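User: I have a model open and would like to go through it by question and answer. Please keep to what can be read from it.

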Amino acid sequence: MAEAEPPVRKRVKLALQGGGAHGAFTWGVPDRLLEAAGIEVEALCGTSAGAVNAALVAHGPALGGNAAARAALRRFRLEIGRLASLLPLQPAPLDLMLSPGNLPIPGPGSSPI
């Protein structure tokens with residue numbers, strides 16, 4: 001009886017952009033790739049916020065694999081959102097009323113996700 005060959009995993013390389021909110025927005029890309037069983041993130045590079053995401057993904061094997069890397073990404077992004085809600089410069093009620101279509105600003109204790 002022939003030995004079963006291991007499943008072929010597609011190897012991908014990621015270039016993650018920076019720019020503040022783009023880091024939070026593009027967090028979903030490595031998160032989804034780490035979740036997929038048939039994909040292996042082979043190489044990473046990033047700028048600014050993208051570099052932070054890349055470092056968290058690259059550190060995944062030391063944390064315990066893809067699931068641990070995904071958890072680290074989520075913890076980091078949630079903590080950034082929590083800290084941003086504590087900044088003294090927050091939109092005033094009038095700002096929120098006059099800015100239809102914008103995402104709501106999470107308050108203390110709420111989750112941005």
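**Contacts, cores and a pocket**

Analyst: Apart from neighbours within four places in sequence, N53 is in contact with L16, G23, T26, W27, L73 and R77. This is a predicted model, so the contacts are those of the prediction.

User: Is N53 buried or exposed, and at what relative accessibility?

Analyst: N53 is found in helix α3. Buried means under 20% relative accessible area. N53 therefore counts as buried, and its relative accessibility is 0%.

User: How confident is the prediction, and which element has the lowest mean pLDDT?

Analyst: The mean pLDDT of the protein is 81, and 84% of its residues reach 70 or more. Where pLDDT is low, the predicted coordinates should not be read in detail. Strand β1 (residues 10–16) has the highest mean among the elements, at 91. The lowest, 77, belongs to helix α1.

User: In what order do the secondary structure elements run from the N terminus?

Analyst: The secondary structure comes to six helices and two strands. From the N terminus on, the order of the elements is β-α-α-β-α-α-α-α.

User: What percentage of the contacts between residues at least 6 apart in sequence join residues at least 24 apart?

Analyst: The protein has 113 residues, of which 23% count as buried. Among its contacts between residues at least 6 apart in sequence, the share that joins residues at least 24 apart is 68%.

User: Which residues does L16 touch, leaving aside neighbours within four places in sequence?

Analyst: The place of L16 is in strand β1. With a relative accessible area of 8%, under the 20% limit, L16 is buried. Its C-alpha atom is 8.2 Å from that of A49, 33 residues apart along the chain. Leaving aside neighbours within four places in sequence, L16 is in contact with P30, L44, C45, G46, T47, G50, N53 and A54.

User: Where does L44 lie, and which residues does L44 contact beyond four places in sequence?

Analyst: L44 lies in strand β2 and is partly exposed, with a relative accessible area of 28%. The C-alpha atoms of L44 and A58 are separated by 7.4 Å, and the two residues are 14 apart along the chain. Neighbours within four places in sequence aside, L44 is in contact with L14, L16, A54, V57 and A58.

User: How is K13 placed, and which residues does K13 touch beyond four places in sequence?

Analyst: K13 lies in strand β1. Exposed means over 50% relative accessible area, and K13, at 59%, is therefore exposed. K13 and V41 are 28 residues apart in sequence and 6.0 Å apart in space, C-alpha to C-alpha. Not counting residues up to four places away in sequence, K13 touches E42 and A43.

User: What is the phi of S48, which is not a glycine?

Analyst: S48 is found in the loop between β2 and α3, and is partly exposed with a relative accessible area of 49%. Most residues other than glycine have a negative phi. S48 has a positive phi, of about 55°.

User: Which element supplies the largest share of the largest nonpolar core?

Analyst: The largest nonpolar core has seven residues: W27, L34, L56, V57, A69, A72 and L73. Helices α3 and α5 each supply at least two residues of this core. The largest share, three residues, comes from α5.

User: Which element gives the largest share of the lining of the second largest pocket?

Analyst: About 180 Å³ of space lies in the second largest pocket. Of its 16 lining residues, the closest to its centre are L34, V41, V57, P61 and N66. The elements that give two or more residues to this lining are α2 (28–35), β2 (39–46), α3 (49–58), α4 (60–63) and α5 (66–84). The largest share, six residues, comes from β2.

User: How many residues of that lining are nonpolar?

Analyst: The lining of the second largest pocket includes three polar and three charged residues. The number of nonpolar residues is 10.

Methods. Residues are numbered from 1 along each chain as its sequence is written. This is a predicted model: local features need pLDDT of at least 70, side-chain atom pairs count only at pLDDT 80 or more; totals for chains, interfaces and linings use all residues. Side-chain values use heavy atoms; hydrogens and water are left out. On a 1 Å grid over the protein atoms alone, a cavity is a set of points where a 1.4 Å probe fits but cannot get out, and a pocket is an open set with protein on both sides within 12 Å along at least five of seven lines; lining residues have an atom within 4 Å of a point. Grid points are joined across faces, edges and corners, and a volume is the space filled by probe spheres set on the points. Ala, Val, Leu, Ile, Met, Phe, Trp, Tyr, Cys and Pro count as nonpolar, Asp, Glu, Lys and Arg as charged, and the others, Gly among them, as polar. A nonpolar core is a set of buried Ala, Val, Leu, Ile, Met, Phe, Trp, Tyr and Cys residues joined through side-chain atoms within 4.5 Å. Buried means under 20% relative accessible area, exposed over 50%, partly exposed in between (1.4 Å probe, protein chains only). Contact means heavy atoms within 4.5 Å. pLDDT is the predictor's confidence in each residue, from 0 to 100.
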